[in-house]
Amino acid sequence: MGSRTLTGPQLFLLGGSFLITLGSFAVLPYMSVLLHDRFGLGLGVVGAVLAVASLVQFSGGVVGAALAARIGLRATMLVALAVRTAGFAAFVPGLTRPVVAVAALFLVSCGAALYLPANKAYLVAGCGPERRPGLLAASGSAFNAGIALGPPAAAPFVLTSPAGLFTGVAVLFALVGAGHVLLPSVADEGVGVEDTTVEDRTGEAAGSGLPPFAFTVLAVYVFMFFQHYLALYAVPRTSTAFYGAVLMGYAILLVVAQPLLARRLAALPYATALRLGFGAMAAGTAVLALGGRAGIAVGAVLLCLGEIVLFLKNDLEALARSAAPSATVFGRQRLAAGLGAFAAAVVGGQLYGVAERAAAVPVFWLVVSAQAVVLPALLVVWARGSARRRAGDGPVAAHRPR
């Protein structure tokens with residue numbers, strides 16, 4: 001999608017998305033180090049704090065959607081950025097007060113929860129189905145570019161001069177927020193329900209037996225095993241430098257390939273996209289079990305392709321099936337992602353621990369691969385069975401005595 005097809009507000013939002021994620025990931029990946037090493041909090045406490053903060057950041061998307069419905073998209077983004085600016089600024093006094101630092105982390109997480117549904121809804125407001133794939137792919141690329149560049153940009157400062165880093169990030173968010181004040185107001189009236197019946201709008205008709213919310217939970221669940229445990233697996237088998245190169249290559253592939261594939265993914269039938277996406281994740285995690293540089297690199301590429309297919313297609317399908325405002329749809333998708341990430345954190349630690357104690361860590365990736373095949377298949381069977389039962393109950397229900 002060329003820049004000529006983008007409006008000024010859309011270009012600003014894409015640039016802002018990059019800067020927001022750049023600033024966020026200049027700080028957030030280092031929170032475990034700061035909380036543990038600087039403040040002396042136990043690893044159990046640190047883990048609990050980060051888990052709750054992550055859950056708030058994801059599941060709070062539904063609150064952000066509700067706020068957008070009440071006060072509008074632009075106003076919601078302004079509130080969210082004000083909250084995040086306050087959170088990053090609060091990290092400065094938090095350097096000497098652990099309680100303040102934890103409160104600052106939750107402010108930042110709340111701001112992220114409020115911002116993203118309104119941001120995506122504003123980006124696609126008034127756009128037809130032919131433009132949404134390119135816009136959402138460009139948005140994903142902007143966010144992922146910031147994720148990739150934030151940690152290395154902050155690495156020289158996070159431990160030596162954290163106060164300056166936090167201040168700089170707070171100023172960055174304040175400037176981006178000031179830019180949002182100039183955005184025109186737009187209405188979020190929903191963009192979905194194309195070629196569907198009224199029954200399909202609720203997602204309960206027989207033809208809508210593959211719910212995007214559930215498949216988003218599963219996609220994020222499988223992906224987060226890779227996100228959480230690749231470092232533990234790859235670094236001892238290769239090197240820190242190789243692991244960093246894999247992450248950088250992953251980010252570059254994601255940023256470049258997602259916009260290029262967006263229109264083709266949008267044209268794919270949903271069931272085909274699910275098979276391709278989960279198939280790539282299953283193949284990628286199975287290849288990781290081989291170990292070595294080649295296995296880890298190829299596995300990462302396959303998982304990247306799976307992420308591109310599933311994350312984008314699930315959002316597009318959720319939009320197309322719902323008559324709700326776009327912010328509400330994106331808020332629900334964020335909740336689904338949060339549930340998947342939380343489940344992966346709970347299950348993954350236990351599985352990896354068992355595999356490590358048994359000196360069979362590669363088996364961990366084979367178990368993840370099997371889940372990428374079996375769980376979506378079970379969900380399809382359950383959804384189709386539920387649809388048949390509903391269809392079978394219809395005529396019977398119509399003849400029941402009142």
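Guide: Helices (H or I, at least four residues) and strands (E, at least two) are taken as DSSP runs and numbered from the N terminus. The model is predicted, and local features therefore need pLDDT of at least 70, side-chain atom pairs count only at pLDDT 80 or more, and totals for chains, interfaces and linings use all residues. Residues are numbered from 1 along each chain as its sequence is written, and side-chain values use heavy atoms, with hydrogens and water left out.

On these terms, R275 lies in helix α11 (residues 270–288). Accessible areas come from the Shrake-Rupley method with a 1.4 Å probe, and for residues only the protein chains shown count as cover. R275 has a relative accessible area of 57% and therefore counts as exposed; the classes are buried (under 20%), exposed (over 50%) and partly exposed in between, with a 1.4 Å probe and protein chains only.

The salt bridges involve other residues. Such a bridge is a side-chain nitrogen of Lys or Arg within 4 Å of a carboxyl oxygen of Asp or Glu, and the whole structure holds two. One joins K120 to D315, at 3.1 Å from N to O. This pair links distant parts of the chain, 195 residues apart: K120 sits in helix α6 (residues 98–124) and D315 in helix α12 (residues 292–321). Both K120 and D315 are buried.

The other bridge pairs R321 with E317, whose closest N and O atoms are 2.9 Å apart. Because R321 and E317 are four residues apart in helix α12, about one helical turn separates them. R321 is buried, as is E317.

As for the setting, the protein chain has 14 helices and zero strands, and 48% of its 402 residues count as buried. The chain exposes about 17,700 Å², of which carbon and sulfur atoms supply 69%.
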